[in-house]
Amino acid sequence: MRSTAVRRTAVAATAVSLALLATACGGGSDSGSGDKGADAKGKESAAAAPAGKALSAAELEKAALTQGDVKGHKISKAAAKDVVSADDIKVEKEVCTPFADALMGAQVGEPGAFTKRTVVSEPKKSNLDKQDSGDAEEAFKAAFDITTTQLALGSYDGKGAQESVASLRTAATECAGGFAFTAAGEKQKVSKITEEQVKGGEEAAAWSVQVEQGGEKVEFKLVVMRQGASFASFSSMNLAAMGGGGDFELPTAVVEAQAAKLA
């Protein structure tokens, strides 16, 4: 992938993944159909839900996931070089901006406090045996079946968190046909958005997102979740699925763990 924003995530994930591998070996429907009902439900939620109490920066850091909170995952504070600012993301359609921001792990809207985590799944034990397979493709997929999730967590005054969820629902519907954007100076395009089902917090939504850049395709999973006055986005990619159009699971364990810490 030539995109700088995406490549940063992939390179970071690869480094962590290889380290994990060394340790281990040593020891639903297409949103293009325009689900206006879901969009309306999101807007009603933003209007009807009571305003929650915003967390301070210190409280948000305490509520964010840390190492040991999700079994089978490595969790760390996102490195500065892997953080893409919302100011560095330019979108051709204004309504699509929240979606691009969440996809790139940037803040959505204007949170009073904001923090980021990088969550990397550990190699599955069932895949370790497959790495010795005579089938090169199977061995590769087994070795790199590792999902990296950029978790962006913000706390908002008033109904900012509800409005953030609503803005993502609206963007997913209005921008389902695709849109171009620039992140960290690199042009890329969301070519397909497919809605998925997810539960978490007081409200949540999820999508599979196909991103194209330079003729290459990468599948992302994007989950957004609200708990009280806090809003979290989970942008995930899987190394084994890169370039081949492969699919992978939503980071449900990560979403559930973060929702539980915010509750």
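Which two cysteines form a disulfide, and how far apart are their sulfur atoms? They are Cys 96 and Cys 175, with the sulfur atoms 1.9 Å apart; a disulfide here is a pair of cysteine sulfur atoms within 2.5 Å. By that rule the count comes to one disulfide. Cys 96 sits in the loop between β3 (89-91) and α4 (97-103) and Cys 175 in the loop between α7 (160-174) and β6 (179-183), so the link ties together parts that are 79 residues apart in sequence. The angle about the S-S bond is -105°, and the link of Cys 96 and Cys 175 is left-handed. Both Cys 96 and Cys 175 are buried, where buried means under 20% relative accessible area, exposed means over 50%, and partly exposed lies in between (1.4 Å probe, protein chains only).

A word on the ground rules. This is a predicted model, in which local features need pLDDT of at least 70 and side-chain atom pairs count only at pLDDT 80 or more, while totals for chains, interfaces and linings use all residues. Residues are numbered from 1 along each chain as its sequence is written, and side-chain values use heavy atoms, with hydrogens and water left out.

**The overall chain**

The secondary structure comes to eight helices and ten strands; helices (H or I, at least four residues) and strands (E, at least two) are DSSP runs, numbered from the N terminus. Of the 263 residues, 51% count as buried. The chain exposes about 11,800 Å², and carbon and sulfur atoms supply 50% of that area, as computed by the Shrake-Rupley method with a 1.4 Å probe, where for residues only the protein chains shown count as cover.

A nonpolar core is a set of buried Ala, Val, Leu, Ile, Met, Phe, Trp, Tyr and Cys residues joined through side-chain atoms within 4.5 Å. The largest one has 33 residues, and those with the most contacts inside it are Phe 99, Phe 179, Phe 181 and Trp 207. Elements giving two or more residues to this core include β3, α4, α7 and β6. Helix α7 gives the most, with five residues. A second, separate core of 23 residues includes Ala 63, Leu 65, Ala 113 and Val 223.

Rings of Phe, Tyr and Trp (its six-membered ring) pair if their centres lie within 6.5 Å; planes under 30 degrees apart count as stacked, over 60 as edge-to-face and the rest as tilted. The count comes to four aromatic pairs. In one of them, the rings of Phe 99 and Phe 179 have centres 6.4 Å apart and planes at 90°, so the pair is edge-to-face. Phe 99 lies in helix α4 and Phe 179 in strand β6, so this pair ties together parts that are 80 residues apart in sequence. Phe 99 and Trp 207 also form an edge-to-face pair, at 5.4 Å centre to centre with 65° between the planes. Since Trp 207 lies in strand β8 and Phe 99 in helix α4, parts that are 108 residues apart in sequence are tied together. Phe 99 and Trp 207 are both buried, and Phe 179 is buried too.

**The strands around β8**

Strand β8 is mostly covered, with ten of its eleven residues buried.

| Strands | Bridges | A bridge pair | Residues between strands | Glycine with positive phi |
|---|---|---|---|---|
| β7 and β8 | seven | Glu 195 and Trp 207 | six | Gly 201, about 60° |

Val 223 is found in strand β9. At 0% relative accessibility, this valine counts as buried. Contact means heavy atoms within 4.5 Å, and the residues Val 223 touches include Ala 205, Phe 234, Leu 250 and Val 255. Val 255 is in turn one of the buried residues of helix α8 (residues 252-262). The buried residues of α8 pack against several elements, among them α3 (57-63), β2 (73-77), β9 and β10.

Methods
Two strands pair if DSSP finds at least two bridges between them. Lists of a residue's contacts leave out its neighbours within four places in sequence.
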